[in-house]
Amino acid sequence: MSRIVLVLLGLVAAAALVALPAFGGLATLNLANKIMIAAVFALGFNLLWGQAGLPSFGHAAYYGVGTFATIYMMDAIDRGGAFPTPLLPLVGAGAGFLFGLVAGWFATVRSGVYFAMITVAIAELVSALAQKWEGLFGGEAGIRSIRTNWGPLDFQSTGSVYYLTLVWTLIVLLALYGLQRSPFGLVVRGIRERELRIRFLGYDAHRVKTVVFALSAAVSGLAGGLLAISDESASMVLFGGAGSAFVVLNTVIGGAGVFLGPVIGAALTTSFAYFGSSLSHFWPFYLGVVFVVTVLFAPEGIGGAILARWRRVRDGAGPLIGLGDLAGLAGAVLAMAGLVLLIELTGTICSEAYRAEIASLKGVWPPVRIFAISFAPLTPWPWLVGLVALIGGSRLALGAGRPILPRLFAGRPGPRADQTRPGESA
Amino acid sequence: MLDVANLHAAYGHVKVLNGVTFQVPDATIATILGRNGSGRSSTCKAVMGLLPPSRGAVRIGTRDLAGLPAHEVARAGVAYVPEDRQIFRNLSVEENMILGMKAGRSGRPAWTIDELYDVFPRLRERRNVKAGFLSGGEQQMLTLFRSVLGNPDVILIDEPTEGLAPKVVEALAETILEMKRRGLAILLLEQKLAMVMRLTDRVFVMGRGEIVFSGSVEAFQADDEIRRAWLEVS
């Protein structure tokens, strides 16, 4: 029964994706492209994190290498090379794989924090190299190339790029799903659970981790290749810390423990950035808040929360949406509104533009307009309303939702109990 | 056959093994007895490549495994069932078993998941349950089965009966005897005597990083002096 529902849902989603260019505008297609690229990148990252339990905080390196390699191949095609354009993402994947093989061999010598530090160091190394080596990476301006048609296939329109990206995204999804269910995937999950035991069972854990790292880098490089096809350019900005951070954000918000979690996270944050950046200067701050709230109250991510809810309904343990959930949702919306009010007010009155306005009005503070409503920043009311909404909404949301915070703290001994030394106690 | 000869090992400057020598022939159950700190677990770790021996040999057949990394020792046909079980808690029972599967090196009939389920049917009932939800005894059986599925020639089992219900001990003993029938060299590490005495063919007693007694069960039971000096807590 539930399997049929899932298959039907999948078919509907596939049909919607195929039909999108027919009714979506250019902006929609561009957004969809960005989401799919971010999703493939996050899926690659999560192969390492969710499956092998290895947190890489420098994955932008493999993404960027994939982009640059693909741009160079596009250039070669433009000059008369015979490589088929639809297979270009494989160039990014190949570059990511080779680089990942070398980097992964070093990084996976260690686990946990040390592993993460090595990945950051490698990413910084590549980033510094990209800044210095203008001949290869094109300096500030970056490098560009163009898509070449291949046989009967035309790749000039956004729609054609969309379909190419869609096909590759589906290929990656299927391949990673197959990998996860394969015996190799089982060994990888075993490494996440207990690496030592995996060695006792006769597996060379370091070799397995190196291969997983390289595969993860290959998928990231493939995402970079898709970006190259879509943007027809690459620059050293790709290697910056933001790229590495965003993929972590996407994966955590979507849920590392759920196969489609990174896709959910990529769709949400990419849309958030797309719409949020036109609404507010402070959208990265709100994204950060979403990240922190997710880690605190839904550590399994949105995907994990959906899965838990679905299981609850399936087992008959509760309704899909209860009264408590509605109250919690209302509280969350209220808290969000309060937070937005406070942040926009503070942000605006601290901005250069606002200072200039005060100066031009000879010391009078003009009203701050937030979503077509004017607020007088020098009266206490907007601030009070914002604070009350934030605190009241949070309390409502916490009370109605799962009160995780008290449980988090109840499980651990307080600092006083820890610090008591023999002889000190009365 | 497991042949350990003059094995020395140390943690930094602290010597823990001072020339350990013993053999476990095929189709034999041997038991190393000894107090805590006598060097039993260190012997295991040295054989498995976790504690690199400074001197000596660990031979399976004619091949010397001393100092090889753990996964190569495992591939050479040595399985290790640790005291702390080390199951993959978030994988299902069956996935745990599948991870242990490995082709054997000798021509013995391969173990199958189904026949092991027959020995301990409770695990068949719970095959799709995450292993972290199993009871202690079920986890112990799962660890043992996972090791057996690698079709080893030699198996080291650390404190197999620690804290187990009698029924589980029964299934455990049955599995160990079946291993013996199939020709494995089995080495048990125990603190308590009762259970192993009805299984074991040979007894080794360890003290201060050496084998201080080696002989049959009868010889061991006749030797009050050894028991008093090296095993009984005064």
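1. Let me start with B:Arg127, which is partly exposed, since its relative accessible area is 28%. This is a predicted model, so read every value below as computed from it. B:Arg127 makes a salt bridge with B:Glu94, and the closest N and O atoms are 3.0 Å apart. The two partners come from distant parts of the chain: B:Glu94 belongs to helix H3 of chain B, while B:Arg127 is in the loop between helix H5 (121-125) and H6, 33 residues apart. Chain B also has a salt-bridge network, in which shared partners join B:Glu115, B:Glu178, B:Arg181 and B:Arg182.

2. On to the contact between the chains. Chain B puts 23 residues into it and chain A puts in 16 residues. About 1,900 Å² is buried between the two, with carbon and sulfur atoms giving 59% of that area. If you want three residues to look at on the chain B side, take B:Gln86, B:Phe88 and B:Leu99: they supply 32% of what chain B buries against chain A, more than any other three residues.

3. How many salt bridges are there between chain B and chain A? The count is 1. The side chains involved are those of B:Glu95 and A:Arg189, at 3.3 Å from N to O. On the side of chain B that touches chain A, at least two residues each come from helix H2 (70-75), strand E6 (78-81), helix H3 (93-100) and helix H6 (136-148). That side of chain B is made up of 13 nonpolar, 5 polar and 5 charged residues.

4. B:Asn6 has phi near 50°, a positive value in a residue other than glycine. B:Asn6 sits in strand E1 (residues 2-11) and counts as partly exposed, because its relative accessibility is 34%. B:Asn151 also has a positive phi, about 50°, although it is not a glycine. Here the setting is the loop between H6 and strand E7 (154-158). Is B:Asn151 buried or exposed? Its relative accessibility is 13%, so B:Asn151 counts as buried.

5. Now chain A as a whole. There are 19 helices and 4 strands in chain A, and its C-alpha atoms fill a box of roughly 70 × 65 × 55 Å along the principal axes. Chain A has 426 residues, of which 42% count as buried. For contacts in chain A between residues at least 6 apart in sequence, 75% join residues at least 24 apart.

6. Rings next. Over all chains, the search of the whole structure turns up 18 aromatic pairs. One of them is A:Tyr177 with A:Phe259: the ring centres are 5.2 Å apart and the planes are at 65°, so the pair is edge-to-face. This pair links distant parts of the chain, with A:Tyr177 in helix H7 (residues 158-181) and A:Phe259 in the loop between helix H11 (241-254) and helix H12 (261-279), 82 residues apart. A:Tyr177 is partly exposed at 37% relative accessibility, and A:Phe259 is partly exposed with 21%.

7. A:Phe285 and A:Tyr286 give another edge-to-face pair, with centres 6.0 Å apart and planes at 80°. A:Phe285 is partly exposed at 43%, whereas A:Tyr286 is buried at 10%. There is also a cluster in chain A, where ring pairs link A:Tyr62, A:Phe99, A:Phe115 and A:Phe213.

8. Last, charges. The whole structure has 21 salt bridges over all chains. Among them, A:Glu195 pairs with A:Lys209, the closest N and O atoms being 3.1 Å apart. A:Glu195 is in helix H9 (residues 195-200) and A:Lys209 is in helix H10 (residues 205-231), 14 residues apart. What is the burial state of A:Lys209? A:Lys209 is buried, with a relative accessible area of 3%, while A:Glu195 is partly exposed at 22%. A:Arg314 and A:Asp315 form a salt bridge too, with closest N and O atoms 3.3 Å apart. In that pair A:Arg314 counts as partly exposed at 49%, and A:Asp315 is exposed at 54%.

Methods:
Residues are numbered from 1 along each chain as its sequence is written. Chains are lettered from A and ligands numbered from 1 in the order in which they are written. Side-chain values use heavy atoms; hydrogens and water are left out. Contact means heavy atoms within 4.5 Å. Buried area is the accessible area (1.4 Å probe) that two parts lose on being put together, summed over both. A salt bridge is a side-chain nitrogen of Lys or Arg within 4 Å of a carboxyl oxygen of Asp or Glu. Ala, Val, Leu, Ile, Met, Phe, Trp, Tyr, Cys and Pro count as nonpolar, Asp, Glu, Lys and Arg as charged, and the others, Gly among them, as polar. Buried means under 20% relative accessible area, exposed over 50%, partly exposed in between (1.4 Å probe, protein chains only). Rings of Phe, Tyr and Trp (its six-membered ring) pair if their centres lie within 6.5 Å; planes under 30 degrees apart count as stacked, over 60 as edge-to-face and the rest as tilted.
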